[in-house]
Amino acid sequence: MPADTNAYGDIFGGWLMSQADIAGSTVAIQVAKGRVATVAVKEFRFVAPVLVGDLVNLYARLVRIGRTSISVEVEAWAQREPDPASRHRVATSVLTYVAVGPDGRPCPVAEVAAVI
Ligand SMILES: CC(C)(COP(=O)(O)OP(=O)(O)OC[C@H]1O[C@@H](n2cnc3c(N)ncnc32)[C@H](O)[C@@H]1OP(=O)(O)O)[C@@H](O)C(=O)NCCC(=O)NCCS
């Protein structure tokens, strides 16, 4: 949407990063079966610009489960007029989440799953 652009009229990178964070967190929450916090974003790569009017699709894939951490690879793809069937890969990243307990501190993934 136009409200998501930078001063030059392109989609603001931070908007796409926030969408990737949301997409990745859905996987992490399912694995942890509860609350997670984003601890790190590795190599967020903006492959191609996102344009106003693009339909952006995000795909999240679990890549690693640690003691308390869960890493998720997220890819963003844009569909664009005048060929809505077209697919443009616009960004890739790996985001790491930490399963946290009620006190907001790291909690072993299995333990979180057992508490909630
Ligand atoms: C997430 C948080 C609870 C982790 O607490 P912490 O004391 O730093 O945690 P630890 O050092 O014990 O690390 C916890 C896990 O994160 C991993 N981790 C920490 N820093 C990392 C990094 N830069 N990259 C990848 N993994 C990392 C550790 O390897 C560990 O994983 P493991 O248990 O699977 O081995 C704490 O850092 C925090 O609250 N951060 C803010 C989170 C937040 O608000 N995010 C949104 C920002 S708006």
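Student: What counts as a helix or a strand here?
Tutor: Both are DSSP runs, numbered from the N terminus: helices are H or I with at least four residues, strands are E with at least two. The model is predicted, so local features need pLDDT of at least 70 and side-chain atom pairs need 80 or more, while totals for chains, interfaces and linings use all residues. Residues are numbered from 1 along each chain as its sequence is written, and side-chain values use heavy atoms, without hydrogens or water.

Student: Okay, where is Lys-33?
Tutor: In the loop between α1 (13–32) and β1. Just after α1, Lys-33 takes a positive phi of about 55°. Lys-33 is a residue other than glycine.

Student: Is Lys-33 buried or exposed?
Tutor: Lys-33 counts as exposed because its relative accessibility is 51%. Buried means under 20% relative accessible area, exposed over 50%, and partly exposed in between, with a 1.4 Å probe and protein chains only.

Student: And which residues of α1 are buried?
Tutor: Leu-16, Ala-20, Ala-23, Gly-24, Ser-25, Val-27, Ala-28 and Ala-32.

Student: How far apart are the end C-alpha atoms of α1?
Tutor: They are 28 Å apart. The rule is 1.5 Å times one less than the number of residues.

Student: Switching to β1. What is phi of Glu-43 near?
Tutor: Near 50°, a positive value in a residue other than glycine. Glu-43 sits in strand β1. Glu-43 counts as exposed because its relative accessibility is 65%.

Student: What about Val-41?
Tutor: Val-41 is in β1 too, which covers residues 36–46. Val-41 counts as partly exposed because its relative accessibility is 41%.

Student: Which residues does a cis peptide bond join?
Tutor: Glu-81 and Pro-82, with omega about 5°. Pro-82 lies in the loop between β3 (69–80) and β4 (83–99).

Student: Now the ligand. How many residues surround it?
Tutor: 14, and the closest are Thr-38, Arg-67, Thr-68, Ser-69 and Arg-105. To be near, a residue needs a heavy atom within 4 Å.

Student: Which element gives the largest share of that shell?
Tutor: β1, with 4 residues.

Student: What lies 2.7 Å from an oxygen atom of the ligand?
Tutor: A polar side-chain atom of Arg-105. An N or O atom in the side chain of Ser-69 is 2.6 Å from a ligand oxygen. A polar backbone atom of Thr-38 is 2.9 Å from a ligand nitrogen. A polar contact is a pair of N or O atoms within 3.5 Å; within protein, one must be able to donate a hydrogen and the other to accept it, and residues adjacent in sequence count only if both atoms are side-chain atoms.
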